[in-house]
Amino acid sequence: MKKLMLAAGLSAALLMPSLSQAATYQIDTQGAHAFIQFKIQHLGYSWLLGRFNTFDGQFEYDAKAPEKSAIEVTIETASLDSNHAERDKHLKGSDFLNVSKFPQSTFKSTGFKSTGAGEGILSGDFTLHGVTKAISFPVTMIGEGKDPWGGYRAGFEGKTTLKLSDYGIDYNLGPASTTVEIGLFIEGVRQ
Amino acid sequence: MSRSALRNTPSSYGWISIVFHWLMALAVFGLFGLGLYMVELTYYDAWYRGSLDLHKSAGIMLACAWLLRVLWKFVNPQPQALGNKAWERKAAHLAHGLLYLLMLALFISGYLISTADGRAIEVFGWFELPATLTLANQEDVAGVIHWGLAWTLMATVALHAVAAIKHHWLDKDKTLVRMLKPGA
């Protein structure tokens with residue numbers, strides 16, 4: 001019994017330092033508990049929604065030290081899906097994303113500024129269509145805790161609006177459709 | 001027009017084969033031109049959607065004609081090739097086979113682009129052709145193949161036309177004339 005308590009105490013002591021630094025979370029793309037969606041006006045009359053089905057990434061997060069938060073996401077642009085093959089083909093072609101030339105889009109964070117409990121402004125470099133720009137957008141924590149299968153998960157959401165011409169995409173979709181809203185809904189499994 | 005002029009004979013084409021040949025030639029040229037044109041249209045062109053609908057509908061109708069023509073070919077005598085040299089007759093036979101195969105492959109690849117998301121192809125609002133295969137990135141792969149096949153078909157058509165003219169002017173045989181009217 002004594003031995004066991006010692007072992008428990010020792011492992012607790014060993015675990016201590018790791019609690020004070022941010023933990024790494026793998027974005028749960030395997031179980032598809034993460035989504036990257038886009039939303040753009042259609043003619044100014046309605047919204048067109050789509051998503052990227054294949055992406056990968058991880059983030060660092062610790063509720064006690066939110067300023068240490070960091071994230072890296074890589075999107076396979078050819079996985080674009082707007083639920084219409086003919087449109088997807090056009091969007092993946094040279095008029096828009098040119099996925100054969102620019103197969104990946106990436107976001108690498110450069111900083112995080114906490115603005116309150118479970119929310120903050122994420123800054124980073126976003127690369128799309130071969131163009132890299134520094135962007136900042138608000139993110140919110142949805143929740144974190146143990147899952148029913150022995151793991152630990154945390155989820156966030158964030159969205160930002162991009163001007164297509166900033167990324168060298170200038171196909172005329174009409175005056176209402178010059179910007180696209182990107183929505184990030186991610187759940188990570190602590191490693 | 002006698003009934004016999006409808007069918008092929010061992011030396012000449014009947015009206016049915018002749019009409020199939022020229023109508024399908026017209027459709028092939030039309031679809032090729034329309035295909036090149038429609039992909040250049042922009043979002044605010046009035047015919048941006050209509051051109052694609054027409055291309056798909058006409059393409060499916062051409063595929064039906066292709067099927068009927070192949071069936072007709074099998075129940076009719078095949079007029080003897082007119083070239084003097086064996087290699088020439090063999091080359092002509094190969095080129096004709098290639099034309100049929102390229103058309104078939106174009107129908108299939110075109111169909112696979114538009115049905116890649118499980119949507120059916122609507123043919124002039126008359127009927128719908130349902131989707132079958134829906135693989136990942138199918139529309140992209142099928143698109144590249146469709147484009148390559150279209151140009152290959154046009155190159156083969158050019159060869160076919162040059163050969164017909166060669167038979168007409170240089171060999172002075174009936175190869176071209178017998179595709180214009182039966183018993184020529």
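Tutor: Helices (H or I, at least four residues) and strands (E, at least two) are DSSP runs, numbered from the N terminus. Over residues 24-189 of chain A the chain is 5% helix and 58% strand, with the end C-alpha atoms 8 Å apart. This is a predicted model, in which local features need pLDDT of at least 70 and side-chain atom pairs count only at pLDDT 80 or more, while totals for chains, interfaces and linings use all residues. Residues are numbered from 1 along each chain as its sequence is written, and chains are lettered from A in the order in which they are written.

Student: Which residues have the most contacts inside the largest nonpolar core?

Tutor: A nonpolar core is a set of buried Ala, Val, Leu, Ile, Met, Phe, Trp, Tyr and Cys residues joined through C-beta atoms within 7 Å, and buried means that 20 or more other C-beta atoms lie within 10 Å of a residue's own (exposed: 12 or fewer; partly exposed: in between), with C-beta atoms placed from the backbone. Here the largest such core has 26 residues, and A:Val73 and A:Ile186 have the most contacts inside it. Strand β11(A) gives the most to this core, with four residues.

Student: Is A:Glu86 buried or partly exposed?

Tutor: A:Glu86 is partly exposed, because 18 other C-beta atoms lie within 10 Å. This residue is found in helix α2 (residues 85-92) of chain A, and A:Glu86 touches B:Ile113, B:Ser114 and B:Glu139, not counting residues up to four places away in sequence, where contact means C-beta atoms, placed from the backbone, within 7 Å.

Key:
Contact = placed C-beta atoms within 7 Å.
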